[in-house]
Amino acid sequence: MRVRIVFILKNKGANVPFHHQYLLAQLVRGVVLSGGSEKYQNYMLYNFSGLKGQTKISRNGLHFFSSKVTLVFSAFDKEFMDYFLRQLFTMPQLEIGNLILVPESVEKENYPELEDESKFICISPLVLISPTFNDSRGKRFISPEIDEFSDILYESTLERMARLEEVFPSEKIATFSKFQLVPDKIYLDKIRENQKKFARIYPVYDQDVKYEVRGYTFPFTLFAEKEVQKFVFTCGLGSFTHKGFGMLDIANADLNSRTERYEF
């Protein structure tokens, strides 16, 4: 399930680094551990976006000027979602970068109708490769227009699904043979013409070790079975999804028509 967590921003104009997924990952991890549940100590089937609100960019990062800030948070397990939200809302306020945020409310996203062909946008960077210590392969650029890009994502997606053996037994996983990501060529051509970037290097921390990974943000069409589509829509696509990378949304979606208040 997916929700939008709404925070009140107490200090308008405050900022976070432009690439702030690692700060959100630290926050989420802290909230999970604060509940003391051994069951969820190593739970990883969740995903989240960057912070959303009215922003301006400066050399110091993203400055937020809206009265409220939103975080899209998603998890495969409703029980985990409720556990996380209960812990979060026991906290009178949170600090992310220089932002001081107060949890206010939660809205549940109603799931869109996903078919074997779905058009997605990235609302957080999509990472292909999980690096190892002192290894620069995580920063390698792989064009989304070649088969290797889809092949890496296919393997990582099935590997994560296979961990849910009670939901996706091996015989079920074996039926998921269709998987092809096709980037929006018009978008990529326009980005190149304007000399802008759709792939950047991002910091990520794992067990106190800093890594650098290449993340991609561009619209694409995914050809895959419906169950695979729903899994990546819920749990993210690629590597480091539990650290806020690879969150997707439906292209051209009417965001206001897809939510309802969520009680937990």
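How many residues does helix α1 have, and how far does the helix reach from its first C-alpha to its last? Helix α1, residues 21-34, has 14 residues and reaches 20 Å, close to the 20 Å expected at 1.5 Å a residue; that expected span is 1.5 Å times one less than the number of residues.

Some ground rules. This is a predicted model, where local features need pLDDT of at least 70 and side-chain atom pairs count only at pLDDT 80 or more, while totals for chains, interfaces and linings use all residues. Residues are numbered from 1 along each chain as its sequence is written, and side-chain values use heavy atoms, with hydrogens and water left out.

Now the whole chain. The protein chain has six helices and 16 strands, counted as DSSP runs numbered from the N terminus (helices H or I, at least four residues; strands E, at least two). Its radius of gyration is 18 Å, close to the 18 Å that the globule rule gives for 264 residues, so the chain is as compact as a globular protein of that length. That radius is taken over C-alpha atoms, and the rule is 2.2 Å times the number of residues to the power 0.38. Of the 264 residues, 50% count as buried, meaning under 20% relative accessible area with a 1.4 Å probe, protein chains only.

Back to α1. Its buried residues include Leu23, Leu24, Leu27, Val28 and Val31. The buried residues of α1 pack against β3 (46-48), β6 (68-75), α2 (78-88) and β7 (94-96), with contact meaning heavy atoms within 4.5 Å. Just after α1, Gly36 takes a positive phi of about 75 degrees.
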